[in-house]
Amino acid sequence: MGMSVTISAATENDAEQILKLQYLCYQSEAELYGDYRIEPLTQTLDELRRELSGGHVLVARLGDEVVGSVRGVVDADGTGHIGKLIVHPRMQRHGLGGRLLASLETRLAREQGAARFRLFTGHRSDGNLRLYRRCGYVPATTERVSPKLSVITLEKEAVAHAYVASA
């Protein structure tokens, strides 16, 4: 019998698995841009633990293995900043990234009142751009940060769930 992937809040005990998965997942991005000094590849375990305690971090598990993760925090203006959406390469292209993103959006909207969401990716990251557009994000700005990299910021409004009282 096969196992199902479950999505839940990350705990302190997940930090090492998340960091190892992050290192694995960002290798292709580093190669794409010719820069192995990108922040996800230089982040320390202590830095990740601080993120775990200061924002929302979700993990996708297949049994005991962390096979995906995403992080987010809501600022004072109600914008949910989403980052480091990662899915193990063997689990990609099965909808898990979209599920993680939707789960985080729901939590940020319900628990912290996020009215909109913002994330970013590199201009050559076609798979990321396809996923984000499929999930309703639209490009808002593009910033050239080096000769090899332009960062595209994408945004979308939170979906307001209207509850109508029955008469």
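I began with the contacts of H56 (contact means heavy atoms within 4.5 Å) and, not counting residues up to four places away in sequence, found that H56 touches V70, R71, G72, L104, L108, E111 and Q112. I note that this is a predicted model, in which local features need pLDDT of at least 70, side-chain atom pairs count only at pLDDT 80 or more, and totals for chains, interfaces and linings use all residues. Residues are numbered from 1 along each chain as its sequence is written, and side-chain values use heavy atoms, with hydrogens and water left out.

I placed H56 in strand 2, residues 56-62; helices (H or I, at least four residues) and strands (E, at least two) are DSSP runs, numbered from the N terminus. H56 has a relative accessible area of 18%, so I recorded H56 as buried (buried means under 20% relative accessible area, with a 1.4 Å probe and protein chains only).

I next looked up L48, which lies in helix 4, residues 45-54, and is buried, with a relative accessible area of 0%. Leaving aside neighbours within four places in sequence, I found L48 in contact with A15, I18, L19, Q43 and R71. The C-alpha atoms of L48 and E16 are separated by 8.8 Å, although the two are 32 residues apart along the chain.

I then turned to the largest nonpolar core, which has 26 residues, and I82 is among those with the most contacts inside it. Such a core is a set of buried Ala, Val, Leu, Ile, Met, Phe, Trp, Tyr and Cys residues joined through side-chain atoms within 4.5 Å. Helix 5 gives the most to this core, with five residues.

Terms used
Buried < 20%, exposed > 50% of the residue type's maximum accessible area, 1.4 Å probe, protein only.
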